[in-house]
Amino acid sequence: TKCNLCNGNELKPCSKYRCESLGQTCEFINEGTTNELCIDNNPNDVMAPLISPAYEIISQGYEYSEVMDNIGFNINKKNEECIQEYTPIVFGIDINEAAQCKMDIESKAKYEEMEFFFGGSNSYIYNHTTLLNVPSLDALGVPGVGPERRGEFKFYVRCQDRNGNFNPNEYQINFCITPGIDKTPAVV
């Protein structure tokens with residue numbers, strides 16, 4: 001639709017009036033935030049948002065792998081299978097329509113039950129970015145010491161559009177974790 005024509009024009013910023021004048025289903029969302037958008041909010045939309053990795057957003061030296069449409073992906077260090085514990089990693093997801101996204105370290109049956117907003121934002125947007133400090137192997141319950149230890153960490157993501165449609169199957173983001181050096185500052 002023509003609703004997207006309102007977005008991204010620096011010379012003529014989008015406003016509620018400009019957005020709604022582009023079509024009957026155009027809706028101005030996230031008003032008063034840095035994420036204002038004009039979207040086509042078709043009331044007949046019954047499809048859940050589609051999630052994919054944000055290939056343009058990932059910490060240098062890391063990559064998305066084993067990407068499966070609407071199922072999930074792995075994040076690993078380039079040319080390696082695993083990531084060292086305590087590593088901060090920035091990554092993101094792209095959505096095919098403006099949506100809120102939540103994540104949780106436990107599998108939950110419904111969007112509303114999930115614990116955290118992806119990236120801390122409850123805005124309806126197309127791209128969600130977050131910073132994750134990779135958990136320690138001890139925190140994951142991996143016993144022992146030594147460089148051969150391995151742990152698996154995953155979290156689950158669901159996204160919901162303005163009409164309340166959310167992906168029925170959780171999108172999974174997976175990490176393989178190896179021992180690393182704890183460089184986080186001590187808290188006094």
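This is a predicted model: local features need pLDDT of at least 70, side-chain atom pairs count only at pLDDT 80 or more; totals for chains, interfaces and linings use all residues.

Trainee: Why is β11 called largely enclosed?
Mentor: Seven of the eight residues of strand β11 (residues 171-178) are buried, so the rest of the structure largely encloses it. Buried means under 20% relative accessible area (1.4 Å probe, protein chains only), and a strand is a DSSP run of E with at least two residues, numbered from the N terminus.

Trainee: Which sense does β5 pair with β11 in, parallel or antiparallel?
Mentor: Strand β5 (residues 72-77) pairs with β11 in the parallel sense, over four bridges; pairing takes at least two bridges found by DSSP. Gly72 is opposite Gln172 of β11.

Trainee: And how many bridges join β10 to β11?
Mentor: Seven, and β10 (residues 151-161) runs antiparallel to β11. Here Tyr156 stands opposite Gln172.

Trainee: New topic. How much space lies in the largest pocket?
Mentor: About 170 Å³. A pocket is an open set of points on a 1 Å grid over the protein atoms alone, where a 1.4 Å probe fits, with protein on both sides within 12 Å along at least five of seven lines. Grid points are joined across faces, edges and corners, and the volume is the space filled by probe spheres set on the points.

Trainee: Which strand gives the largest share of the lining?
Mentor: β7, with three residues. Lining residues have an atom within 4 Å of a point.

Definitions and conventions: Residues are numbered from 1 along each chain as its sequence is written. Side-chain values use heavy atoms; hydrogens and water are left out. Buried means under 20% relative accessible area, exposed over 50%, partly exposed in between (1.4 Å probe, protein chains only).
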